[in-house]
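Student: Could you take me through one part of this fold with care, namely the sheet together with the loops and helices that go with it? I would like each term tied to its cut-offs.

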Amino acid sequence: MAVMTVDPFACDDAELGEILDGEPAYRVRQLRGWLQRGVDDPQEMTDLPAALRARLAGRLDPPGRVLAHRTADGGQTHKLLLELGATDAAGSATGADATQGAGSPAAEAIEAVLMGYPRTAERAGRATVCVSTQAGCALGCPFCATGQAGFRRQLRVGEIVRQVTALQRRLREGAIAIPGVPDHVTNVVFMGMGEPLANVEATVAAIRWLHDPERGLGLSARSITVSTVGLVPGIARLTELGLPITLAVSLHAPTDALRDDLVPVNRQFGLDALLRACRAHQEATGRRMTFEYILIDGVNAQRAHAEQLAALLTRRDAPRVAHVNLIPMNPTPAVPWHAPPLPDQQAFAGVLQAAGLPATVRHNRGGDIDAACGQLYAEQRLGSGRLLPAAQDAWQRWPIQLETGP
Ligand code: SF4
């Protein structure tokens, strides 16, 4: 029989009280405190009685387990390979609905990535975590390795949040120490595997938890970025949320005709509807937004595309643009496309800049980890535990860092 467990990060205080049935009210505060400190294994919650710890171990979703910890960029980038979810007693996935607070999600290995940006004379140091919101993705963008591999399941609220708290704990405890970088997470970007707004309720709940100063991490909304390929109802949901988070939209094409091919969900929500939704978000939050654009040689990176993009983003009804990130296409398994030569990349940026748009070509860190949504998956394990072929070398190149804690 499948084990039924509850996601504690999706619970309010009343729901945690029910789980702690019969315990004094202050136990809720103790449990919350451990979760905030990145301790999600009840056996480590040492101020709880042993019998209660054992009971919680059977009631709560299993803690994230670190399978590997690797570094890149001279120690400024850290990846944890986290095992999330559970298997039943027979060892097979339960297949329960992973978006809800009950039932046990199937086990998945997910990468949590920390990028350290040391302080400079101009700006404070930052510790940015990039999180995934789905195991796989159903939206099928043809340039994206995640899209090629398909959709496996939604991540729960706690599975999204744990990617942050696991790294926060290591920063706080000194297991990760990067000179000039704070000892706590300062920014979170929803740019990992999956489309956050295709798992919108878990994404919104995770944002609320990360932002909540009492019961979560207390991150400023401005330091949270959600990257989407443009699911209009999801953008509307973020607008309702009313928090001034940063919206980053992956455009990848300047016309509906080309975007229908490169981002198939565009057939459902075309560019007009997308720009209207972005503008509404901006008017509600006061935030300028960013656009992401993968440069693919011979597909969307010619001068004419740059001129069309400049015209699109300077339309009277377009949202105000904080930045256009141009991302040279990363080599992706089973995808024949590649980035244009450097001079073409710079010429593309030049056309946008001449139109008054702040645009830069972004060079990726840590072997693709700062790429557009989904490209991370080239280095993800498949559900079977197998790595995609092109990822095997990349993963092996990362020096192993020994884990001393959970
Ligand atoms: S680019 Fe994003 S939305 Fe498109 S398939 Fe990849 S993960 Fe999904």
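Tutor: Helices (H or I, at least four residues) and strands (E, at least two residues) are taken here as DSSP runs, numbered from the N terminus. The model is a predicted one, in which local features need pLDDT of at least 70 and side-chain atom pairs count only at pLDDT 80 or more, whereas totals for chains, interfaces and linings use all residues. Residues are numbered from 1 along each chain as its sequence is written, and side-chain values rest on heavy atoms, with hydrogens and water left out.

Let us begin with the sheet, for which two strands pair if DSSP finds at least two bridges between them. Ten strands make up an open sheet of mixed pairing, in the order 1-2-3-4-7-8-9-10-11-12. Strand 1 and strand 12 (359-361) are at the edges, and because each has a single partner strand, one side of each is left without a neighbour in the sheet. From one strand to the next the twist averages 20°; axes are lines fitted to C-alpha atoms, for helices over the stretch in contact, and angles run from 0 to 180 degrees between N-to-C directions.

Within this sheet, strand 4 (residues 126-130) pairs with strand 7 (residues 187-190) in the parallel sense over three bridges, and Val 129 is placed opposite Val 188 of strand 7. Helix 6 packs on the sheet, where it touches strand 7 and strand 8 (224-228), and its direction makes about 175° with that of strand 7. Contact here means heavy atoms within 4.5 Å. In the loop that joins helix 6 to strand 8 lies Ser 223, which is buried at a relative accessible area of 10% (buried is under 20%, exposed over 50% and partly exposed in between, with a 1.4 Å probe and protein chains only). Leaving aside residues up to four places away in sequence, Ser 223 touches Thr 186, Asn 187 and Val 188.

Helix 6 also has a helical partner. The axes of helix 6 (residues 200-211) and helix 7 (residues 232-241) come within 10 Å and cross at roughly 30°, so helix 6 is roughly parallel to helix 7 (under 35 degrees is roughly parallel, over 145 roughly antiparallel, 65 to 115 roughly perpendicular and the rest oblique). Val 200, Glu 201, Val 204, Ile 207 and Arg 208 of helix 6 make the contact with Gly 234, Arg 237, Leu 238 and Leu 241 of helix 7. By class, the residues of this contact comprise five nonpolar, one polar and three charged, where Ala, Val, Leu, Ile, Met, Phe, Trp, Tyr, Cys and Pro count as nonpolar, Asp, Glu, Lys and Arg as charged, and the others, Gly among them, as polar.

Most residues other than glycine have a negative phi. Asp 73, in the loop between strand 1 (65-72) and strand 2 (77-84), has a positive phi of about 50° although it is not a glycine, and Asp 73 is partly exposed at a relative accessible area of 34%. His 252, in the loop between strand 9 (246-250) and helix 8 (256-262), likewise is not a glycine and has a positive phi, of about 70°; His 252 counts as buried, at 2% relative accessibility.
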